[in-house]
Amino acid sequence: MLTYLKLSAELGKIRISVPVAFTTFTGYILFKGAIDVGIILPTFGIFLLASGASALNQVQEKDMDLKMHRTFRRPIPSGRVTAKAALVISAIFFLAGALILGLGVGWLPLSIGLSTFIWYNAIYTYLKRYTAFAVVPGSVVGALPPLVGWTAAGGLLSHPSVMMIAFFFFIGQIPHFWLILLKYGKEYEMAGFPSITSIF
């Protein structure tokens, strides 16, 4: 059981999913001005969706992960779990997160959460195979979770404050991704990804 939980945590990239959930927490507090029990479901729902997106991403990039020293120890390339089992774990994370947001929070936060999931796995994950500048549209992923918290607290998407918050998180993602590319650029190139280091 512990092994299963550990593998699920690795597939869900808990160290990334927790900060993502924290941005939802931030959006909620910035509108409400206080912490209350209403913050729990949107934060946990986004945590689960982020975990599902990360697990699906590892299924999508299992062949590339095998070629990089930074990622070859991940659960799928290391052979500790099959791609099919990882897909099931991803689906469980996803469905649990979607149900929490849809039934416990509201349809607007759910829609934003699903948009984040789709943007990450269906757009950014494929764009980065073709351009090192995929991090720019990919950074939209960082801008959306705070909107979930804001709308879950009762805020409107049209409010200038939440747009500024989203822009702040959007901008913050770009140097974060590019610093990773600068550090592991050669590995990314060996795995077949275009790297910023090959351009600059």
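Biologist: At what angle do helix H2 and helix H3 pack, and how far apart are their axes?
Modeller: In this predicted model, H2, residues 14-32, and H3, residues 40-60, pack at an angle of about 145°. Their axes are 8 Å apart.

Biologist: Is the crossing of H2 and H3 left-handed or right-handed?
Modeller: Right-handed.

Biologist: Which residues in H2 and H3 meet?
Modeller: From H2 there are Ile 14, Ser 17, Val 18, Val 20, Ala 21, Thr 24, Phe 25 and Tyr 28. They meet Pro 42, Thr 43, Ile 46, Phe 47, Ala 50, Ser 51 and Ser 54 in H3.

Biologist: How many residues of that contact are nonpolar, polar or charged?
Modeller: Ten of the residues where H2 contacts H3 are nonpolar and five are polar, with no charged ones.

Biologist: Staying with H3, how many of its residues are buried?
Modeller: The count is 18 of 21, so H3 is largely enclosed by the rest of the structure.

Biologist: And what should H3 span at 1.5 Å a residue?
Modeller: The 21 residues of H3 should span 30 Å, and the end C-alpha atoms are 30 Å apart, which agrees.

Biologist: Now the largest nonpolar core. Which residues touch the most other members?
Modeller: Ile 46, Leu 101, Ile 112, Leu 147 and Val 148, out of 17 residues in that core.

Biologist: Which helices each supply at least two residues of this core?
Modeller: H3, H5 (83-104), H6 (107-127), H9 (145-152) and H10 (160-190). H10 gives the most, with six residues.

Biologist: What is Leu 147 in contact with, leaving aside neighbours within four places in sequence?
Modeller: Leu 147 contacts Ile 112, Leu 157, Val 162, Met 163 and Ala 166.

Biologist: New topic. Where is Lys 13?
Modeller: Lys 13 sits in the loop between helix H1 (2-11) and H2. Its phi is near 45°, a positive value in a residue other than glycine. Most residues other than glycine have a negative phi.

Biologist: Does Lys 13 count as buried or exposed, and why?
Modeller: Buried, because its relative accessibility is 14% and the cut-off for buried is under 20%.

Biologist: Last one: where is Ala 96 found?
Modeller: Ala 96 is in helix H5. At 28% relative accessibility, Ala 96 counts as partly exposed.

Biologist: What separates the C-alpha atoms of Ala 96 and Gly 45?
Modeller: A distance of 7.4 Å, although the two residues are 51 residues apart along the chain.

Definitions and conventions:
Residues numbered from 1 in each chain as written. Predicted model: local features only at pLDDT ≥ 70, side-chain atom pairs only at ≥ 80, totals over all residues. Heavy atoms only, no water. Axes fitted to C-alpha atoms, helices over the stretch in contact; angles between N-to-C directions. Helix = DSSP H or I, 4+ residues; strand = E, 2+ residues; numbered from the N terminus. Left-handed = near helix turned anticlockwise from the far one by under 90°. Contact = heavy atoms within 4.5 Å. Nonpolar A, V, L, I, M, F, W, Y, C, P; charged D, E, K, R; others polar. Core = buried A, V, L, I, M, F, W, Y, C linked by side-chain atoms within 4.5 Å. Buried < 20%, exposed > 50% of the residue type's maximum accessible area, 1.4 Å probe, protein only. Expected span 1.5 Å × (residues − 1).
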